[in-house]
Amino acid sequence: MTLSTFSVATHITPTVIKTLYVHGKRKTKKLKDNDEQQEATDDIFFDEAFHIVKSFILLGTKNTVESLQAFTNTHVPAPPWTAVAPVRVPLQSCNQAADLLTQWFGPEDLKRVVGGEKWWQVRGLDGIDAEWIAEKSHLPENVHIDSGRKYSKEEKLAMSMEQLETTMLYIHGGGYYWGSINTHRYQVIKYAHKIRGRAFTVNYRKAPQYPWPCPLHDVLAAYLYLIQPPPDATHKPIPPSKIVFAGDSAGGALCLTMLTVLRDLGRPLPAGAVLISPWVDLTHSFPSIHTNTNTDIIPPHGFMNKPSVLWPVDPIKEGGRIARAHSDPLLKPCHTDTPGVNKNVTRGSTQVPPTDAEKHGDSMPVGSKQETSSGSASSVPLKSQEKASLFDGGKCYPPGGGHGRGREQNKNPSNAIPIDDLAVNNKRGPSSDSIPDLDDIDFWQPNPPKVLMKNPQDVPLELRSQIQHYATTEQLSHPLVSPILQASLGNLCPLYILAGDGEVLRDEIVYLAHKAANPTEYPAREGVIRDGSRQKENAHKFSTPTKVHLQVYDGMCHVLTVFTFTSSADYAYHSIAEFAKHVTRRSVEHLDQNPFPILQQTPGPDVPPCVMNDRSGDVLMIRERVDINGRVRSMEPKEDITALQLRPSEIGIIKEETLVKWLEGQEEWDRRFKYRATKVMKNRKKIEAKADSMIKNARLRGLLLAGEKDDLVERPRAGRSSAAHGAIQENRRWGPLDLVGEQPPPTAIAARRDTREALALLKKSIYHTAPATHKTIPRVKTVDVVLAAFGPNDAPFRPPRQSVSEQQVRTGMRCIHGMQMWHSIMSYFGRKVAVKAKEDTRCVGDALMETGDKAASTEVGRSR
């Protein structure tokens with residue numbers, strides 16, 4: 001069953017009933033035991049909402065990627081009290097952003113790491129869907145509009161927002177592959193209300209159809225659209241000092257990554273950035289990934305999905321999903337390994353390094369400030385019986401042709417490694433005498449897909465499947481994929497960073513905040529510095545500490561602002577709004593001394609005011625915890641935080657414990673959807689045959705690309721541009737047929753021919769909106785026009801619907817869509833909590849007044 005309002009309601013109803021029952025039992029037990037300790041789940045509204053969201057996300061993993069994307073990218077109407085003006089970031093801004101990214105990568109990394117310069121610029125729509133959002137009551141009644149041009153209602157609405165001073169560029173989250181401006185619209189409306197300004201949200205392209213760096217490309221284009229709008233834009237250029245970035249989860253990481261790109265290229269930064277639960281380490285190398293599973297909404301095995309023609313890349317993996325690590329001397333596009341640096345078999349033998357006392361006494365590798373203790377060395381070892389279940393047929397094979405789609409898989413039985421050999425680790429791994437020194441980066445700091453083993457004598461392993469939708473496994477340690485691996489996070493605008501204490505990403509967020517505020521104290525691991533010339537330069541170039549305000553919220557899970565009705569979220573919204581207004585409305589001189597607003601005049605009762613700020617030299621970092629009632633207290637010393645004790649060499653590496661956790665879930669999905677996976681492989685072949693036929697027919701009917709000659713006299717005549725049949729767009733640089741010589745990631749539909757969405761993209765680029773590289777637009781065959789009339793996502797004379805990862809879904813069931821119902825429920829809970837809070841405040845005020853009156857009467861009596 002695909003995701004729909006009905007299927008979601010059916011799945012969630014038992015969760016609601018069960019949560020209500022368990023909540024009642026827990027509250028009864030606490031009352032019986034006189035347990036007065038407060039927890040976030042004591043609030044029945046939060047308890048229910050937490051389990052509803054967790055249940056929905058888990059349901060999403062049991063459906064296909066396309067189904068989840070379609071449900072969460074369905075257009076939902078805005079409430080009547082808000083002004084929402086849809087716009088489209090044009091191709092011109094997209095091209096400007098592409099030029100910046102091309103400059104950042106350079107020709108070598110574009111080919112070696114990204115897989116080319118063209119594929120990630122290919123898109124289906126004529127730009128990027130976006131929205132201006134403001135509250136109607138904040139808009140002026142009369143707006144001067146140029147009478148020489150006709151404006152639409154939406155354009156007039158966008159122009160009326162020009163008077164608002166603060167602009168928030170909000171980047172939504174969703175694991176880089178689901179969610180949209182529709183899922184987050186009500187949160188953004190709340191921000192616009194509180195900042196008394198306008199918000200700009202962007203529906204960036206999502207993985208796996210448009211993997212990294214496509215989302216980064218789009219959010220960068222959105223920022224350039226704001227500060228350097230094209231001549232026909234409805235808004236004037238917005239000064240960067242009036243813009244604040246904000247984003248949650250994947251959106252928060254995109255904000256941070258965008259800041260580093262702008263900083264590296266010397267472009268203007270915004271006034272500040274709000275990072276809500278940013279996902280900055282896609283290798284999952286921090287401890288809280290494993291310790292906080294039960295207190296978070298993220299599925300225990302990560303984001304997995306029911307197989308479809310789109311995802312996973314390999315529904316059936318010949319030879320197993322993990323193999324004994326090996327070293328391939330040939331460099332592959334989209335791989336982050338660097339050639340020519342000890343490329344021998346021991347490179348794959350990557351293990352958790354021994355302590356200094358065990359290996360070198362008091363000696364330490366150069367530049368490793370924290371190479372003395374480790375909080376992440378605790379891993380779950382692969383037991384012999386576990387390994388037997390993780391390999392197909394008791395054997396595994398080293399990958400022979402890289403990760404790319406269409407490459408030959410190495411199925412040579414002579415390369416098979418018997419599972420018995422893998423189980424007897426001390427016979428296969430390096431002997432204790434041959435374990436390399438700590439300064440052997442290739443041994444101790446493996447780049448994905450190689451895995452860091454707990455025991456140095458274990459058989460080293462590597463992944464043979466893509467584990468994240470956003471990027472290939474080889475790309476996960478790139479600093480623009482996992483920004484925690486940036487050589488420096490200094491020289492950025494002020495950052496306000498929020499995390500939930502119960503979320504799985506807590507440790508990496510806490511580490512991120514301290515790394516930004518203390519660039520030299522928390523360096524990137526040596527392997528990252530060595531493998532990237534830009535990172536090597538940045539480590540020395542950007543040493544000025546970034547001003548950081550970190551808040552960790554007690555009892556809260558991932559993206560606490562989703563639960564808008566809680567006291568914690570209410571405080572967070574207020575604090576975010578105050579920060580946004582502060583950094584966009586104060587003078588530069590004032591902000592230099594006071595980068596953050598005073599959010600609470602009086603700290604918590606047990607915390608003296610003098611310890612609220614952590615200042616040392618040029619470092620300014622505010623470190624706080626917020627309880628479930630929105631009360632602030634100072635954070636514990638850095639020495640007491642486990643995440644801050646990790647060595648740089650342990651960060652940004654896939655560890656054995658993480659491998660086991662992912663494989664357990666993937667193995668379960670493989671068993672559950674075994675029959676469907678076989679069906680998916682057959683469907684891919686059918687769709688690929690249709691794509692080949694489409695290209696062949698287009699060629700016969702006159703399709704010509706740049707540099708080609710029309711040597712077929714019998715071809716029907718085709719025009720360069722025809723309004724009736726399509727147009728060649730000069731600002732559209734590339735199309736799916738222009739990728740010769742490039743090697744995109746295997747999920748990118750720009751180069752695929754085996755998915756329906758890839759087919760729609762191909763058809764649109766040939767017959768409707770062709771790139772500048774096309775010389776002609778062929779005419780569609782009559783039979784194809786007739787067939788298009790019966791296609792659910794096609795039309796006879798209009799472009800076919802594009803990928804749901806890019807284009808919004810329009811449905812007639814506007815009032816009963818699940819996302820609309822969720823927003824209504826949250827609003828209802830919010831009103832209930834607001835009324836209760838108002839009553840509590842009034843009661844407290846009355847009590848204080850009564851106490852004051854009594855005190856005054858007593859004082860008068862004494863004076864007499």
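The model is predicted, with local features needing pLDDT of at least 70 and side-chain atom pairs counting only at pLDDT 80 or more, while totals for chains, interfaces and linings use all residues. Residues are numbered from 1 along each chain as its sequence is written, and side-chain values use heavy atoms, with hydrogens and water left out.

Student: How many salt bridges does the structure hold?

Tutor: A salt bridge here is a side-chain nitrogen of Lys or Arg within 4 Å of a carboxyl oxygen of Asp or Glu. By that criterion, the number of salt bridges in the structure is 33.

Student: Which residue forms a salt bridge with Asp126, and how far apart are the closest N and O atoms?

Tutor: Asp126 lies in the loop between H4 and S2, and its partner is 606 residues away, in the loop between strand S16 (727-728) and helix H22 (756-767); helices (H or I, at least four residues) and strands (E, at least two) are DSSP runs, numbered from the N terminus. The partner is Arg732, and the closest N and O atoms are 2.6 Å apart.

Student: Is Arg732 buried or exposed?

Tutor: Buried means under 20% relative accessible area, exposed over 50%, and partly exposed in between (1.4 Å probe, protein chains only). Asp126, at 29% relative accessibility, is therefore partly exposed. Arg732 has a relative accessibility of 5%, so Arg732 is buried.

Student: Why is strand S12 described as largely enclosed by the rest of the structure?

Tutor: In a regular strand the side chains alternate between the two faces of the sheet. In S12, Val548, Leu550 and Val552 cover one side and His549, Gln551 and Tyr553 the other, and all are buried. S12 (residues 548-553) is largely enclosed because the buried residues number six of the six.

Student: Which residue stands opposite Leu550 of S12?

Tutor: Strands pair if DSSP finds at least two bridges between them. S12 pairs with strand S11 (residues 495-500) in the parallel sense, over six bridges. Opposite Leu550 stands Ile497.

Student: Which helix gives the most residues to the lining of the largest cavity?

Tutor: The largest cavity is lined by 19 residues, with Asn305, Trp311, Pro312, Gln666 and Asp670 nearest its centre; on a 1 Å grid over the protein atoms alone, a cavity is a set of points where a 1.4 Å probe fits but cannot get out, and lining residues have an atom within 4 Å of a point. Helices H20 (656-672) and H21 (674-700) are the elements that give two or more residues to this lining. With four residues, the one that gives the most is H20.

Notes:
On a 1 Å grid over the protein atoms alone, a cavity is a set of points where a 1.4 Å probe fits but cannot get out, and a pocket is an open set with protein on both sides within 12 Å along at least five of seven lines; lining residues have an atom within 4 Å of a point.
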